[in-house]
Amino acid sequence: MSDETFFEPDPVTCRQLVAFASDYLDGVLSSERARAVAEHLAACAGCHDHIDQLRTTIELTRTAGQARPPGEYPGAPAHVREALLAAFRARRPQR
Ligand SMILES: [Zn+2]
């Protein structure tokens with residue numbers, strides 16, 4: 001048996017997954033890469049949690065429409081508010 005004809009993309013590492021995460025959620029990865037990411041997520045609880053938090057953050061910021069201080073989301077769980085804070089820090093240039 002030979003599997004030469006079966007193309008297997010390189011496995012995605014946790015570090016790569018974090019780098020691809022937003023592209024994955026935006027659906028802009030190639031189908032091969034998206035499949036590799038999905039396979040990694042199925043096997044890696046840590047990255048699965050990371051994607052979950054990122055997706056929640058993106059949905060909250062899209063729902064808000066405009067950037068608002070994380071303090072205005074009193075109902076959000078602590079880990080979501082922390083993710084929002086990190087997103088705001090990354091977005092706003094430090095003065
Ligand atoms: Zn992982």
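In which sense, left-handed or right-handed, does H1 pass H2? In this predicted model, the crossing of H1 past H2 is left-handed. The two axes come within 11 Å and cross at roughly 115 degrees, with H2 spanning residues 31-43. H1 contributes Leu17, Phe20 and Tyr24 to the contact, and H2 contributes Arg33, Ala34, Val37 and His40. By class, five residues of this H1 and H2 contact are nonpolar, one is polar and one is charged.

H1 (residues 14-26) also packs against H3 (residues 45-64), and their axes come within 10 Å at a crossing angle of roughly 30 degrees. H1 is therefore roughly parallel to H3, since the angle is under 35 degrees. The crossing is right-handed. On the H1 side, the contact involves Cys14, Leu17, Val18, Ala21, Ser22 and Leu25. These meet Gly46, Cys47, His50, Ile51, Leu54, Arg55 and Ile58 of H3. Nine residues of the contact of H1 with H3 are nonpolar, three are polar and one is charged.

H3 in turn meets H4 (residues 78-91), with axes that come within 9 Å and cross at roughly 70 degrees. That angle falls in the range 65 to 115, so H3 is roughly perpendicular to H4. H3 and H4 cross in a right-handed manner. Gln53, Thr56, Thr57, Leu60 and Thr61 form the H3 side of the contact. His79, Val80, Ala83, Leu84 and Ala87 form the H4 side. The contact of H3 with H4 holds five nonpolar and five polar residues, and no charged ones.

Key:
Residues numbered from 1 in each chain as written. Predicted model: local features only at pLDDT ≥ 70, side-chain atom pairs only at ≥ 80, totals over all residues. Axes fitted to C-alpha atoms, helices over the stretch in contact; angles between N-to-C directions. Helix = DSSP H or I, 4+ residues; strand = E, 2+ residues; numbered from the N terminus. Parallel < 35°, antiparallel > 145°, perpendicular 65-115°, else oblique. Left-handed = near helix turned anticlockwise from the far one by under 90°. Contact = placed C-beta atoms within 7 Å. Nonpolar A, V, L, I, M, F, W, Y, C, P; charged D, E, K, R; others polar.
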